[in-house]
Amino acid sequence: MANWKTTMMASAGAGGGASYWIADTIRRPYGISTDSDFNVYVGGGNPLGQGSHDAWMVKYDGDGNEQWAKALGGVEVDENNAVVVDSSGDPYGLGVLTDGSSSKRSAIKYDGSSGSITFKKIYRGGSGTRWGEAGAIDSNDNIYVASDNS
């Protein structure tokens with residue numbers, strides 16, 4: 001994805017302190033999370049040629065270097081609106097995938113090393129469009145998704 005770039009703002013050396021950086025992504029970053037190795041995962045949704053919005057995820061190392069970038073989409077709206085990382089360092093994009101004519105809340109699991117999609121689930125139920133808007137993961141790697149209904 002040629003349009004991805006990262007700008008380091010400041011970085012503390014070994015021994016503590018915080019690193020500050022801005023990830024200038026293509027458009028519409030919605031979620032961000034880190035893993036225990038200080039990698040940063042940014043997810044969102046933007047037209048990338050597959051549909052009206054395509055779900056995307058980018059992994060950066062702790063110095064802000066892009067490690068991988070992945071997109072997934074159909075002909076309608078697909079977005080990663082929240083990002084959580086499990087205890088193995090694998091990120092999940094929580095949001096919406098369109099299945100046929102309706103958009104439903106979803107979870108996409110990426111391999112933390114390669115970015116390959118290892119799990120994709122659309123959660124059906126309820127009437128109308130349901131978007132996963134926020135999420136969390138607990139110490140047992142259970143995932144929680146908060147969604148709206150329109």
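The structure is a predicted model, in which local features need pLDDT of at least 70 and side-chain atom pairs count only at pLDDT 80 or more, while totals for chains, interfaces and linings use all residues. Residues are numbered from 1 along each chain as its sequence is written, and side-chain values use heavy atoms, with hydrogens and water left out.

The protein chain contains 0 helices and 12 strands; here helices (H or I, at least four residues) and strands (E, at least two) are DSSP runs, numbered from the N terminus. Its pattern along the sequence is accordingly written β-β-β-β-β-β-β-β-β-β-β-β. Of the 150 residues, 41% count as buried, where buried means under 20% relative accessible area, exposed over 50%, and partly exposed in between (1.4 Å probe, protein chains only). The chain exposes about 7,600 Å², and carbon and sulfur atoms supply 46% of that area; accessible areas come from the Shrake-Rupley method with a 1.4 Å probe, and for residues only the protein chains shown count as cover. Among contacts (heavy atoms within 4.5 Å) with a separation of 6 or more, 36% come from residues 24 or more positions apart.

Strand β4 (residues 40-46) is joined to β3 by 5 bridges in an antiparallel arrangement, and G31 has G43 in β4 as its bridge partner. Strand β5 (residues 54-60) pairs with β6 over 6 bridges, again in the antiparallel sense, with V58 partnered by A69 in β6. The hairpin of β5 and β6 has 5 residues between the strands, and there G64 takes a positive phi near 90 degrees.

A second open sheet has 4 strands in the order β7-β8-β9-β10, also with antiparallel pairing. Its edge strands, β7 (79-85) and β10 (117-122), each pair on one side only. Here the neighbouring strands are turned by 25 degrees against each other on average, direction ignored. Strand β9 (residues 102-110) runs antiparallel to β10 and is joined to β10 by 5 bridges; within this pairing, K109 stands opposite F119.

In one, the side chains of D86 and K109 meet at 3.9 Å, N to O. D86 lies in the loop between β7 and β8 (91-99) and K109 in strand β9, so this pair ties together parts that are 23 residues apart in sequence. D86 has 8% relative accessibility and therefore counts as buried. In the other, D90 and K109 meet through their side chains, likewise at 3.9 Å, N to O. D90 lies in the loop between β7 and β8, so its pairing with K109 in strand β9 ties together parts that are 19 residues apart in sequence. Both D90 and K109 are buried. Taken together, D86, D90 and K109 are linked in a network of salt bridges.

Terms used: Two strands pair if DSSP finds at least two bridges between them. Axes are lines fitted to C-alpha atoms, for helices over the stretch in contact, and angles run from 0 to 180 degrees between N-to-C directions. A salt bridge is a side-chain nitrogen of Lys or Arg within 4 Å of a carboxyl oxygen of Asp or Glu.
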